[in-house]
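Have a go at each before reading the solution.

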Amino acid sequence: MIGAVLALGYIVASHQLTAHAGGSALALLIVLGPLVGVSLSGLWNSGQRSLAAAGAALALALMVLVARGNGIAPQWLYLLQHAGIHLALALWFGLTLRPGHQPLISALAERVHGHLIPTMAVYTRQVTQAWVLYFCSIATASLGLFFGADFEVWSLLANVITPVLSLCMFAGEYLLRYRLHPEFERVGLLESIKAYRLHQADRAAAVAAAQRSKLL
């Protein structure tokens with residue numbers, strides 16, 4: 001209950017700060033800081049540490065320039081964060097759908113369940129495709145509203161509607177999964193998070209091994 005209240009408070013504060021005080025250092029820190037931190041942490045944990053360091057330096061430089069009013073409108077930074085992250089996620093999920101690759105949701109499900117029967121493999125591939133479509137749709141809506149509507153409307157999409165839609169995607173997929181495919185063992189959020197961390201650890205190990213092989 002407390003977590004839900006805090007999340008709601010953060011959503012409301014993010015919208016108000018973005019729409020009405022977007023250029024302030026406080027707004028940049030509260031609105032952009034958490035998502036940028038999570039993104040950079042993901043890069044770091046997946047073995048892309050030089051890219052994470054470069055991203056951190058770029059994010060810091062952009063925030064300083066915007067806060068000082070050095071010719072960069074803060075609205076562009078918010079658009080880059082919102083549309084950019086969704087496009088990056090669409091690319092990440094989409095690349096795993098290439099022939100010869102395991103879809104991302106399939107890899108996570110395999111971590112949780114140990115083995116995927118054919119129907120489970122097909123379903124998790126479809127879920128990966130659904131997330132790609134979702135991420136692309138959010139990015140398209142973000143760009144459309146940014147250039148075609150008032151900035152406060154765009155802020156409503158970015159800070160309020162997007163997290164609600166994401167939650168609906170998770171909840172809807174969870175309900176659909178066990179209705180259509182009871183063969184899936186029921187798992188909780190902690191198991192899913194653990195599976196994601198193990199997947200990231202495997203990726204980091206693979207990247208490190210590739211880098212070592214190049215040095216030899």
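**Exercise 1.** Which residues do ring pairs link into a cluster with Trp92? Keep in mind that this is a predicted model.

*Solution.* Start with the total: there are twelve aromatic pairs in the structure. Take Phe93 and Phe135, whose rings sit 5.2 Å centre to centre with 75° between the planes, an edge-to-face pair. That pair links distant parts of the chain, as Phe93 lies in helix α4 and Phe135 in helix α6 (residues 118-148), 42 residues apart. Next come Trp131 and Phe170: the ring centres are 5.0 Å apart and the planes meet at 50°, so this pair is tilted. Here too distant parts of the chain are linked, with Trp131 in helix α6 and Phe170 in helix α7, 39 residues apart. Put together, the cluster holds Trp92, Phe93, Trp131, Tyr134, Phe135 and Phe170.

**Exercise 2.** Check what span helix α4 should have, and how far apart its end C-alpha atoms are.

*Solution.* Helix α4 runs over residues 74-95, which makes 22 residues. At 1.5 Å a residue, the helix should span 32 Å. The end C-alpha atoms are 31 Å apart, so the two values agree. While you're on this helix, pick out its buried residues: among them are Leu77, Tyr78, His82, His86 and Phe93.

**Exercise 3.** Find how many salt bridges the structure holds, and work out where the partners sit along their helix.

*Solution.* There is one salt bridge. It pairs Glu173 with Arg177, and the closest N and O atoms are 2.6 Å apart. Both partners belong to helix α7 (residues 151-180); they are four residues apart, so about one helical turn separates them. Now check their accessibility: Glu173 and Arg177 are both buried.

**Exercise 4.** How many disulfides does a search of the whole structure find?

*Solution.* A disulfide covalently bonds the sulfur atoms of two cysteines. The search turns up zero. Look at two cysteines anyway: Cys136 has 31% relative accessibility and so counts as partly exposed, while Cys168, at 47%, is also partly exposed.

Definitions and conventions:
Residues are numbered from 1 along each chain as its sequence is written. This is a predicted model: local features need pLDDT of at least 70, side-chain atom pairs count only at pLDDT 80 or more; totals for chains, interfaces and linings use all residues. Side-chain values use heavy atoms; hydrogens and water are left out. A salt bridge is a side-chain nitrogen of Lys or Arg within 4 Å of a carboxyl oxygen of Asp or Glu. Helices (H or I, at least four residues) and strands (E, at least two) are DSSP runs, numbered from the N terminus. Buried means under 20% relative accessible area, exposed over 50%, partly exposed in between (1.4 Å probe, protein chains only). A disulfide is a pair of cysteine sulfur atoms within 2.5 Å. The expected span of a helix is 1.5 Å times one less than its number of residues. Rings of Phe, Tyr and Trp (its six-membered ring) pair if their centres lie within 6.5 Å; planes under 30 degrees apart count as stacked, over 60 as edge-to-face and the rest as tilted.
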